[in-house]
Each structure stands twice: as C-alpha cells, then as structure tokens.
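Please look at the sequence and the model before reading on.

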Amino acid sequence: MPLFFHSTLTSYISPRVNPKPVDQKVVEKIRGILKEVDGDGDGRLTRDELKKAFDKLGAWFPAFRTKLALNAADKNGDGVISGDLETEELIYYILDRYGETLQEK
Ligand SMILES: [Ca+2]
Ligand SMILES: [Ca+2]
C-alpha cells in the first residue's frame, strides 16, 4: 500500500491564507475512494482512475471534473496524480467541492 495515502494534510494546510477547517473523517473518506479507484494499486491515479473517483462522488460531468482536477493537482503535468503533494492537492480539490456532500453521508 503506498505510503502517501496515510500522510497528514497538516504540512500543506498551514501555508494557506484562509484554511477551511478540515474534517479528518471526510479526508479519510476521500482517501478511501482514491484508494478504491486505484485499480492497479500503484499509488498513482491516471485520468481513467480519477474519473472513477468522480463517478463515485456523484459528479455530474466526471470527465470534465477529471480535467479540472488534473489542472489543479497535476503539478508536474505528466497526466497522473502521484506523490504526496499532488495527492494532497487533489484531496483539497475534492474537499472543496464535495466535502459537504461527503459529510452528510
Ligand atoms: Ca493507478
Ligand atoms: Ca503528476
């Protein structure tokens, strides 16, 4: 199991100007979803795997969401989400848009 799924968000939260309070339960849910959709278990999320995540999150336009999420989180532009920084950026992206939905479930 890739280590970065277990990293905390704290290191990344502090530099933000107005950090929203982070609900760790929701973060864990998101991590769980990301782990589930990582079909080959290599700890990297391809466009297809990411699209599955947005399907699960109930996104109306998963392909579109995937593109936006990659724009936001794929820092080195290789088309996959990998490593702590990109994963945390992705979690933030999802948290921003689906955090409240995930809290209610
Ligand atoms: Ca993968
Ligand atoms: Ca990348």
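The crossing of helix 2 and helix 3 is right-handed, and in this predicted model the contact between the two helices is made by Ile33, Leu34 and Val37 on the side of helix 2 and by Glu49, Lys52, Ala53 and Lys56 on the side of helix 3. Two packed helices are described by the angle between their axes and the distance between the axes. Here the axes of helix 2 (residues 24-37) and helix 3 (residues 47-56) come within 8 Å and cross at roughly 135°. Angles over 145 degrees would count as roughly antiparallel and those from 65 to 115 as roughly perpendicular, and helix 2 and helix 3 are therefore oblique to each other.

**The chain as a whole**

The chain contains five helices and zero strands, so that its pattern, read along the sequence, is α-α-α-α-α. Of its 105 residues, 23% are buried. When contacts between residues at least 6 apart in sequence are considered, 46% of them join residues at least 24 apart.

**The nonpolar core**

The largest nonpolar core has 17 residues, and those with the most contacts inside it are Ile30, Leu50, Leu90, Ile91 and Ile94. Two or more residues are given to this core by each of helix 2, helix 3, helix 4 (62-73) and helix 5 (83-104), and the largest share, six residues, comes from helix 5.

Leucine 57 lies in the loop between helix 3 and helix 4. Is this residue buried or partly exposed? Since a residue needs 20 or more other C-beta atoms within 10 Å to count as buried, leucine 57, which has 17 other C-beta atoms within that distance, is partly exposed. The C-alpha atoms of leucine 57 and isoleucine 33 are separated by 8.5 Å, although the two residues are 24 residues apart along the chain.

The table lists the contacts of two residues, leaving out residues up to four places away in sequence.

| Residue | Residues touched | Sequence neighbours left out |
|---|---|---|
| Leucine 57 | Ile33, Ile94 and Tyr98 | up to four places away |
| Isoleucine 94 | Ile30 and Leu57 | up to four places away |

Key:
Residues numbered from 1 in each chain as written. Chains lettered and ligands numbered in written order. Predicted model: local features only at pLDDT ≥ 70, side-chain atom pairs only at ≥ 80, totals over all residues. Axes fitted to C-alpha atoms, helices over the stretch in contact; angles between N-to-C directions. Helix = DSSP H or I, 4+ residues; strand = E, 2+ residues; numbered from the N terminus. Parallel < 35°, antiparallel > 145°, perpendicular 65-115°, else oblique. Left-handed = near helix turned anticlockwise from the far one by under 90°. Contact = placed C-beta atoms within 7 Å. Buried ≥ 20, exposed ≤ 12 C-beta atoms within 10 Å, placed from the backbone. Core = buried A, V, L, I, M, F, W, Y, C linked by C-beta atoms within 7 Å.
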